[in-house]
Amino acid sequence: RSLPGAPRMDAVPARVALDVTAAAAACSAAVLAAHPVEHMNLILARPKGGKGPDFPLLRHAAALTVHTDGVTGLWKGAPAAVGRQAPHLALSMALYDGLRALSDRAIPGESGAPPSTLSSLGAGAGAGAVSAAVARAWSPNPVSTGHIGPSIFRAAGHRAVWLGGFDIWLERRARTAAPASRGMRWLADTAAALSCAALAHAFSAPTLCSPVVTGARVAKYALALLLYDGLRTPRGDARLARVAPD
């Protein structure tokens with residue numbers, strides 16, 4: 001409470017609950033949106049009698065799935081996907097906000113403005129490392145916990161670019177004096193989210209994927225960023241509070 005700009009302690013649990021809820025909702029919606037492509041990719045990779053995939057292309061698998069099970073068949077297995085991916089991503093987002101808030105108060109920069117680039121990248125890396133370690137510790141497959149170092153390194157780099165990079169963009173935009181229209185801000189934020197998601201995916205992807213699958217995964221992470229930023233607080237207030245003079 002003695003730190004300048006520190007939140008009241010009785011307001012911290014409500015803020016944490018809001019951030020966690022917003023992160024879970026944003027990540028769940030993003031996973032659901034990308035699930036049809038991920039599901040078709042799994043069908044495509046499934047061997048048929050040991051002689052190759054069931055379908056030559058993703059669109060063939062999607063067409064047969066819709067013909068057989070209807071449009072809802074594209075989301076088969078979606079609850080399991082959400083339960084597997086959304087908690088991991090939401091934990092990263094919640095941890096990032098907590099680490100970033102700590103670094104903002106502990107390492108103030110000139111005129112009270114925090115060194116946003118270093119603190120954002122560092123908070124993202126820390127959130128990714130912790131969330132990857134937690135995910136591996138809770139993994140139902142004991143074999144997957146054998147080589148945890150590379151996965152932690154990839155997750156740290158991914159979250160540093162994905163979360164930290166987008167936060168840096170939002171703060172830079174909040175610092176600009178010339179106001180832009182809401183539509184232009186939305187387009188700029190979307191382009192920044194896609195760029196951060198694409199760079200993060202390129203850093204952390206262990207194997208090459210088809211362009212469609214890569215695009216779906218990049219769009220999933222970008223959508224999670226945009227939804228989370230819009231859900232947790234009134235748009236831009238958190239960033240403006242960091243850069244506004246006393």
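Buried means under 20% relative accessible area, exposed means over 50%, and partly exposed is in between, using a 1.4 Å probe and protein chains only. This is a predicted model, where local features need pLDDT of at least 70, side-chain atom pairs count only at pLDDT 80 or more, and totals for chains, interfaces and linings use all residues. Residues are numbered from 1 along each chain as its sequence is written, and side-chain values use heavy atoms, with hydrogens and water left out.

**Exercise 1.** Work out whether Thr65 is buried or exposed, and list what Thr65 touches.

*Solution.* Start with the location: Thr65 lies in helix H2, residues 58–69. Helices here are DSSP runs (H or I, at least four residues), strands are E runs of at least two, and both are numbered from the N terminus. Next, check the cover: the relative accessible area of Thr65 is 9%, so this residue is buried. Finally, look for contacts (heavy atoms within 4.5 Å). Leaving out residues up to four places away in sequence, Thr65 touches Met40, Ile43, Gly70, Gly73 and Leu74.

**Exercise 2.** Describe the make-up of the protein: how many helices and strands does it have?

*Solution.* Count the elements first: there are eight helices and zero strands. Read from the N terminus, that gives α-α-α-α-α-α-α-α. Then go to burial: 35% of the 246 residues count as buried. Last, take the contacts with a separation of 6 or more: 73% of them come from residues 24 or more positions apart.

**Exercise 3.** Count the disulfides and check the cover on Cys27 and Cys196.

*Solution.* Apply the cut-off, a pair of cysteine sulfur atoms within 2.5 Å: the count is zero. Now the cover: Cys27 has 0% relative accessibility, so Cys27 is buried. Cys196 is buried too, at 10%.
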